[in-house]
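Trainee: I would like to go through the pockets of this model with you. Could we begin once it is on the screen?

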Amino acid sequence: MEKTFLMVKPDGVQRNLIGEIVSRFESKGFTLVGGKLMQISQELAEQHYGEHKERPFFGELVEFITSGPVFAMVWEGENVISTARLMMGATNPKESAPGTIRGDFAVTVGKNIIHGSDSPESAVREINLFFKEEELVSYDKSMVSWIN
Ligand code: DAT
Ligand code: MG
């Protein structure tokens, strides 16, 4: 089953949105298979956002993502990578639709509440960057047959 890496960023944790965000993915019908509250190190932040190294906002991005605890998660489900991106909304909250997480809770691109892998390749890379294999659980929910 497809897996993705999702993370409530420091602004989402400070704004008490962990529960709201977990609830949205649970209600949708996805399965949480790993999760932890953690402080991201400078090194992990630079690795995680490596693709943006040359962008002018890279320094701010690393500073922000290390500015407080994050809630890192792995979610499983059919098409979870692309569906989670839709549920998150556009990167810039100025453009994210109401009903999406960023559309409902965020105002500026620098504090946009949630991260989610954007492709199968980045999902594998990010899951492995944040989680050890033994931190992920594989289990069935009896209700899955009512979803898929
Ligand atoms: P996403 O988080 O939707 O995958 P991204 O990978 O393009 O978006 O960028 C990573 C994060 O960097 C994004 O969530 C917020 C920040 N960011 C992106 N574009 C930015 C910009 N123009 N100015 C400031 N921060 C930006
Ligand atoms: Mg991205």
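Mentor: Helix 4 gives the most to the lining of the largest pocket, namely three residues. Helices (H or I, at least four residues) and strands (E, at least two) are DSSP runs numbered from the N terminus. This is a predicted model, in which local features need pLDDT of at least 70 and side-chain atom pairs count only at pLDDT 80 or more, while totals for chains, interfaces and linings use all residues. Residues are numbered from 1 along each chain as its sequence is written, chains are lettered from A and ligands numbered from 1 in the order in which they are written, and side-chain values use heavy atoms, with hydrogens and water left out.

Trainee: Which elements each supply at least two residues of that lining?

Mentor: They are helix 4 (58–65), helix 5 (80–88), strand 4 (114–116) and helix 7 (120–130).

Trainee: And what counts as a pocket here?

Mentor: On a 1 Å grid over the protein atoms alone, a pocket is an open set of points where a 1.4 Å probe fits, with protein on both sides within 12 Å along at least five of seven lines; lining residues have an atom within 4 Å of a point.

Trainee: How many residues line the largest pocket, and which lie nearest its centre?

Mentor: The lining has 24 residues, and Lys9, His52, Leu61, Thr91 and Asn112 lie nearest the centre.

Trainee: Where does ligand 1 sit?

Mentor: Ligand 1 sits in the largest pocket, meaning that more than half of its atoms lie within 2 Å of the pocket's grid points.

Trainee: Which residues surround ligand 1?

Mentor: Around ligand 1, with a heavy atom within 4 Å, are Lys9, Tyr49, His52, Phe57, Leu61, Arg85, Thr91, Arg102, Val109 and Asn112.

Trainee: Changing topic, how much space lies in the second largest pocket?

Mentor: About 230 Å³. Its lining has 15 residues, with Met1, Thr31, Gly77, Val144 and Asn148 closest to the centre.

Notes
Points joined across faces, edges and corners; volume = space filled by probe spheres on them.
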